[in-house]
Amino acid sequence: MPTAVVTGANRGIGLEFTRQLLLDGYTVFAACRKPEDAAELQQLAESSDGRCRVVPLDVADEQSCRALPDHVDRAVDLLINNAGVHGPKELDQQQLGGIVSQDAQHVFAVNVVGPMLVTQALLDRLGSGSKVLMLSSGLGSIACIRAGRPMVYAASKAALNMLSRGFGMDLVDRGITCVAIQPGWVRTDMGGPDADISVEESVTAMLATVKTLGPADAGRFIGLDGADFPW
């Protein structure tokens with residue numbers, strides 16, 4: 001039975017990853033910051049015959065990341081670094097003239113340093129054939145960025161792409177495939193109600209793509225269909 005770890009599993013894309021992976025026969029370690037408040041996730045766990053284990057994880061807290069292997073007691077076939085934050089919703093607070101240091105540092109702590117620390121913490125749980133998925137964004141594409149975008153969030157996802165590229169190169173000799181994937185513009189709390197696709201459609205497409213990935217894909221930045229996305 002394959003095993004997955006999903007961060008930010010309490011809602012949105014992370015919750016749907018957990019749901020679909022359970023349907024696909026995985027044991028899932030579903031990590032989130034406040035398990036006691038994750039009602040939908042807890043319901044999934046209760047109906048999973050023990051295959052969904054809800055574990056505490058604050059990706060912005062180094063000690064919390066270091067403690068993750070204490071909860072994940074087996075080899076990991078798929079690590080999905082999904083936890084992320086948008087930062088201030090007000091666009092002027094994401095652009096020059098309105099950026100607050102504390103807000104920007106928190107976005108980078110969660111979106112960049114978090115996946116770095118989580119992957120590092122679980123390194124001994126990953127082996128040949130394992131896959132690491134970094135949830136990026138189309139806004140992380142330097143080639144596609146335009147004026148008037150949330151630049152703090154966009155910069156954090158561009159940094160995550162570099163991290164994914166570097167980790168992909170470092171891990172491929174161990175048989176571990178690490179890629180960054182942009183999930184599309186998804187109807188979540190972050191994406192909003194006017195986004196292009198549902199959470200179910202996004203996750204279904206990403207998991208279909210994950211099944212096709214191998215060492216030759218290490219370090220790529222891809223879209224839902226597995227095609228290269230512009231850096």
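Which residues does Ser202 touch, not counting residues up to four places away in sequence? In the predicted model described here, in which residues are numbered from 1 along each chain as its sequence is written, local features need pLDDT of at least 70, side-chain atom pairs count only at pLDDT 80 or more, and totals for chains, interfaces and linings use all residues. Side-chain values use heavy atoms, with hydrogens and water left out. With residues up to four places away in sequence set aside, Ser202 touches Pro183, Val186, Ile197 and Leu224, where contact means heavy atoms within 4.5 Å. Ser202 is found in helix 6, helices being DSSP runs of H or I with at least four residues and strands being DSSP runs of E with at least two, both numbered from the N terminus. The relative accessibility of Ser202 is 0%, so this residue counts as buried; buried means under 20% relative accessible area, exposed over 50%, and partly exposed in between, with a 1.4 Å probe and protein chains only. The side chain of Ser202 also reaches the backbone oxygen of Pro183 at 2.8 Å, a polar contact being a pair of N or O atoms within 3.5 Å, of which, within protein, one must be able to donate a hydrogen and the other to accept it, while residues adjacent in sequence count only if both atoms are side-chain atoms.

Helix 6 has 12 residues, which at 1.5 Å a residue should span 16 Å, and its end C-alpha atoms are 16 Å apart, in agreement with that value; the expected span is 1.5 Å times one less than the number of residues. Besides Ser202, the buried residues of helix 6 are Val199, Val203, Met206, Leu207, Thr209 and Val210.

Helix 1 is followed by Gly25, whose phi is positive, near 95°. Leaving aside neighbours within four places in sequence, Phe17 is in contact with Val6, Ile80, Leu133, Leu135, Val203, Met206 and Leu207.

Phe17 also belongs to the largest nonpolar core, which has 32 residues and in which Phe17, Leu21, Leu41, Ile80 and Leu133 have the most contacts. A nonpolar core is a set of buried Ala, Val, Leu, Ile, Met, Phe, Trp, Tyr and Cys residues joined through side-chain atoms within 4.5 Å. The elements that each supply at least two residues of this core include strand 1 (3-7), helix 1 (12-23), strand 4 (76-81) and helix 6 (199-210). Apart from this core lies another, of 27 residues, among them Val55, Leu68, Val118 and Leu126.

In helix 3 (residues 62-71), the buried residues are Ser64, Cys65, Leu68 and Pro69. They cover an arc of only 160° around the axis, which puts them on the same side of helix 3, and what covers them includes strand 3 (52-56) and helix 4 (101-121). The face turned away from this buried side carries the exposed residues Gln63, Arg66 and Asp70. At the N-terminal end, helix 3 is capped by Asp61, a side-chain oxygen of which lies 3.0 Å from the backbone nitrogen of Gln63.

A search of the whole structure finds two aromatic pairs, rings of Phe, Tyr and Trp (its six-membered ring) being paired if their centres lie within 6.5 Å, with planes under 30 degrees apart counted as stacked, over 60 as edge-to-face and the rest as tilted. The rings of Phe221 and Phe229 have centres 5.2 Å apart and planes at 65°, so this pair is edge-to-face. Phe221 and Trp231 form a tilted pair, 5.6 Å centre to centre and with 45° between the planes. Phe221 is buried, with a relative accessible area of 1%, whereas Trp231 is partly exposed, at 40%. Together, Phe221, Phe229 and Trp231 form one aromatic cluster.

Conventions. The arc is that of the directions from the helix axis to the C-beta atoms.
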